[in-house]
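Good morning, colleagues. Please look at the structure on the screen while I take you through its surface, its overall build and one residue in particular.

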Amino acid sequence: MHNKTIAELTAGLKAGDFSSVELTRHYLNRINSLDEQLNSFITIVPDLALQQAKQADEQRAAGQATIINGIPLAQKDIFCTKDIKTSCGSKMLDPFISPYNATTIEKFNHSGAVMLGKTNMDEFAMGSSNETSWYGPVKNPWSLDTVPGGSSGGSAASVAARLTPAATGTDTGGSIRQPASFCGITGLKPTYGRVSRYGMIAFASSLDQAGPMTRTAEDAAIMLNVMAGFDSRDSTSVDEAVPDYTADLNAAMEGLKIGLPKEYFAEGLDDSVAKVIEAAVKEYEKMGAVVSEISLPNSHLSVPTYYIIAPSECSSNLSRMDGVRFGHRCEEPKNLNDLYIRSRGEGFGAEVKRRILIGTYALSEGFYDAYYVKAQKTRRLISDDFNQAFKEVDVIMGPAAPSTAFNLGEFSDDPITMYLSDIYTIAVNLAGLPGMSIPAGFVNNMPVGLQLIGKHFSEAKLLNIAHQFQQQTDWHKKVPALFV
Amino acid sequence: MQWEVVIGLEIHVQLSTRSKIFSGSSTAYGAEPNTQMSTVDMGLPGVLPVFNGEALKKSVMFGLAVGAKINNRSVFDRKNYFYPDSPKAYQISQLYYPVVGEGHIDIELDNGETKRIGVTRAHMEEDAGKSLHENFHGQTGIDLNRAGTPLLEIVSEPDLRSAVEAVAYMKKIHSIVRYLGISDGNMQEGSFRCDANVSLRPKGQEEFGTRAELKNINSFRFVEKAINVEIERQMDILEEGGRIVQETRLYDADKNETRPMRSKEEANDYRYFPDPDLLPIVISDEEIEAIRATLPELPDEKCTRYVSELGLAEKDARALTVDRNMADYFEQVQQAVDDSKMAANWLLGEVSALINKNDMDIKDCPVTAELLIGLLKRIKDNTISGKIAKEIFQAMWTGEGDADAIIDKKGLKQITDNGAIEAIIDEVISNNPGQVAEFKNGKEQLIGFFVGQVMKASKGKANPGQVNQLLQQKLKS
């Protein structure tokens with residue numbers, strides 16, 4: 001049952017092959033017995049899940065089943081969930097029980113989805129390996145010695161290990177696509193503004209975007225149908241019509257213009273990964289797509305630009321974690337400053353502190369123009385590169401990450417190398433574009449993700465392109481041996 | 001040495017929107033602590049601000065009223081600092097691109113001249129909550145009801161040269177925001193607050209001296225006193241050859257002194273940057289013009305019109321137009337009785353005297369415009385004299401009814417019948433033979449004595465004009 005996709009499970013529920021309660025029990029059992037190896041969940045909510053499942057079954061019996069009715073899902077622990085711990089992977093928010101639901105959670109609730117629990121993640125979504133979580137690292141189901149990627153590592157690992165049919169993730173610089181690539185699943189980061197950020201704990205507000213993490217493009221389309229849409233509570237969400245993302249999945253690839261940025265195939269990319277990507281692109285050529293080399297000349301500016309903008313925003317966003325109203329507070333504060341210093345000192349981990357310090361520095365008087373203002377200008381250049389490229393091509397393809405999953409602990413003391421693992425994904429966030437990673441093959445039994453980058457609001461097109469690939473290949477159907 | 005005082009003011013005006021600037025919570029004053037706040041006002045993880053367009057409209061009204069350039073695009077920035085009553089640990093404000101650009105207002109000086117004061121800019125921002133230090137046993141209580149209340153911060157050019165000018169400027173701004181109806185201007189409730197930047201420089205020197213910033217002065221009287229003691233303090237230091245330290249100082253009204261709050265070195269680096277949660281605020285020229293069309297007549301225009309059209313003295317016109325409620329009251333009376341001077345005299349005389357004595361706003365005056373109109377009409381049609389009218393006014397103030405009712409009840413109707421007046425005159429003449437003789441011998445100023453006697457005998461009700469005329473006839477016959 002756990003190898004079925006959302007589409008297949010929905011058909012099963014519809015046919016009465018099993019109930020949502022049965023389905024939910026099955027996944028809860030798998031989590032109970034298997035997640036010890038992965039640590040992909042921070043919180044499991046069996047009572048709530050079974051209650052929601054029962055309700056979904058009743059709705060279906062009453063002929064009122066909604067689009068994702070009765071389907072169990074895992075939610076990244078960055079989304080506020082009413083009356084349930086919302087930790088964001090941090091000691092700081094370990095005591096935080098949210099009094100309200102994020103818009104995304106509300107939408108899934110209204111659509112009849114079942115929440116199994118909250119998935120592990122890098123602390124405040126800052127990390128590329130899920131090693132910065134206060135709840136401990138998540139393991140990659142394909143090899144327990146390796147990382148699942150991050151920051152949505154728990155979501156990626158739990159989907160790959162079939163502990164949930166699908167999960168939500170968030171992507172600030174690659175946090176959906178890089179773990180999707182490392183764990184061999186399908187991950188979609190929508191256009192900035194497509195999915196509401198309300199109730200999603202902010203890391204870098206101008207870059208954060210939530211999206212689905214699934215096994216297939218079709219499932220991602222179903223999930224996005226629930227998640228997408230304007231939200232009056234989020235001023236940066238865009239009031240743009242939401243199409244049915246499943247409608248055009250079968251459009252033909254004939255004449256599709258694919259651009260391969262030469263900068264994404266240059267030094268730094270693992271040769272064997274490059275071969276997998278090239279083979280995947282060949283697959284599209286066979287389907288009638290036309291491939292050309294393009295250039296994104298300012299690609300080298302992405303990582304430095306990102307590491308000014310994201311830390312600057314996070315230094316401000318995380319200031320509200322001050323021990324005054326919620327979250328961790330130190331014991332016996334002597335005075336106000338002591339309360340701030342010790343609460344934050346104890347509550348935040350090293351990577352979060354590092355980024356707060358970088359951001360605080362970048363925004364300081366005398367440095368603001370040299371760093372933040374400059375970074376906004378280079379951000380524009382990066383964005384212009386894409387605009388230019390999309391005059392020539394329909395979609396840009398390349399690797400989602402320079403390598404397959406690395407070993408746990410391999411880069412823990414080397415933040416720069418760690419930051420470079422997002423080199424192909426970061427520019428997409430800076431430009432606000434939609435991007436996907438889909439399973440494209442394996443290197444030494446570890447999955448490799450093909451990244452697809454589209455124009456603003458071209459999610460339907462990207463899903464179509466991804467789906468067509470999945471009709472021709474079965475990389476997305478491979479199951480990690482330990483989790484069959 | 002001769003010193004020149006240089007003052008610039010930053011005025012925080014609370015905009016009278018019903019809900020907060022970035023959340024739907026109510027802005028009403030005086031509720032139980034923490035009952036008017038939402039998850040957004042609390043700065044919970046994940047919440048986002050949504051801008052209240054009413055604040056923009058009101059800010060634009062102010063900008064137009066001071067002849068300022070309205071920026072079609074303004075941007076909210078975050079001002080980062082830690083403080084318990086600042087729930088997000090940043091204040092959403094506008095630093096780089098404020099909504100209102102350069103403008104100006106004119107203030108009236110004591111010598112009757114007007115002086116133009118530049119408005120540098122005005123920008124929208126959110127208010128903080130309040131820290132409560134009493135009754136928490138060594139801890140601090142936080143009340144977030146005020147957090148997120150919309151403010152317009154109005155920054156003046158350093159054009160003010162004395163505490164008196166500063167107060168005149170502040171009063172003018174107060175008058176304008178009340179006219180526009182964009183703020184209740186209530187200073188006790190903190191809806192209108194002022195910071196003053198004060199510095200001294202040798203007369204004739206162009207370069208500014210080092211300034212001190214006086215924080216949060218909440219009444220016109222304290223602004224004047226605070227600035228004056230600060231000027232004295234700085235002058236003492238400079239006269240002795242000392243140097244002024246750039247710092248923020250607090251005014252202590254009880255001790256009438258300013259004392260340091262924090263120095264420049266201790267000042268926060270606010271790390272301003274554009275708030276990525278909010279889009280730039282865009283307003284088109286058409287929208288600006290639509291707002292302009294809703295602007296009421298402003299105090300200066302009104303004052304000019306009262307002088308040119310209604311023939312009032314400039315001083316009276318000014319006094320009537322400071323407060324919009326006063327001006328509205330005046331216009332209602334003036335139109336009904338068709339006598340500008342009479343209306344002005346009553347407003348600035350009896351009415352002002354009593355509302356000032358009772359520290360009352362004109363809109364709470366128990367003698368409403370309708371009541372006053374009823375009274376003045378009876379003067380106009382000679383039913384009563386001006387003197388009796390003052391008596392009736394007092395009765396109306398204490399709620400005894402309208403003028404006609406009081407006239408009836410107290411029998412105050414003026415005696416205008418010649419026969420009746422002559423009867424009284426005859427009695428007065430026969431009772432005062434000595435004075436009559438003196439009058440007839442040429443002591444004509446005694447006419448006042450006879451008028452007084454007649455008025456007294458008629459209990460003030462005889463028509464003074466008729467009394468005068470008939471007395472002259474009788475005494476000279």
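Chain A exposes about 16600 Å² in this predicted model, and carbon and sulfur atoms supply 51% of that area. Charge is the next point on chain A: there are 43 positive and 54 negative charges, and their mean positions are 2 Å apart.

Let me turn to the overall build. Chain A contains 15 helices and eleven strands. Its radius of gyration is 21 Å, close to the 23 Å that the globule rule gives for 484 residues, so chain A is as compact as a globular protein of that length. Along the principal axes, the C-alpha atoms of chain A fill a box of roughly 65 × 55 × 45 Å.

What share of the 484 residues of chain A counts as buried? The figure is 65%. As for contacts in chain A with a separation of 6 or more, 76% of them come from residues 24 or more positions apart.

I now come to a single residue. Gln470(A) sits in helix α15, which covers residues 459-472 of chain A. Is Gln470(A) buried or exposed? Gln470(A) counts as buried, because its relative accessibility is 5%, and the cut-off for buried is under 20%. Leaving aside residues up to four places away in sequence, Gln470(A) touches Thr186(A), Arg215(A), Thr216(A), Ala217(A), Ile438(A), Pro439(A) and His476(A).

Finally, a word on chain B. Its domain assignment gives domain 1 (3-290), domain 2 (299-410) and domain 3 (418-476). The C-alpha centres of domain 1 and domain 3 of chain B lie 65 Å apart.

Terms used
Residues are numbered from 1 along each chain as its sequence is written. Chains are lettered from A and ligands numbered from 1 in the order in which they are written. This is a predicted model: local features need pLDDT of at least 70, side-chain atom pairs count only at pLDDT 80 or more; totals for chains, interfaces and linings use all residues. Side-chain values use heavy atoms; hydrogens and water are left out. Helices (H or I, at least four residues) and strands (E, at least two) are DSSP runs, numbered from the N terminus. Buried means under 20% relative accessible area, exposed over 50%, partly exposed in between (1.4 Å probe, protein chains only). Contact means heavy atoms within 4.5 Å. Domain bounds come from an automatic or database domain assignment. The radius of gyration is taken over C-alpha atoms; the globule rule is 2.2 Å times the number of residues to the power 0.38. Accessible areas come from the Shrake-Rupley method with a 1.4 Å probe; for residues, only the protein chains shown count as cover. Lys and Arg count as positive and Asp and Glu as negative; His and the chain ends are not counted. The place of a charge is taken as NZ of Lys, CZ of Arg, CG of Asp or CD of Glu.
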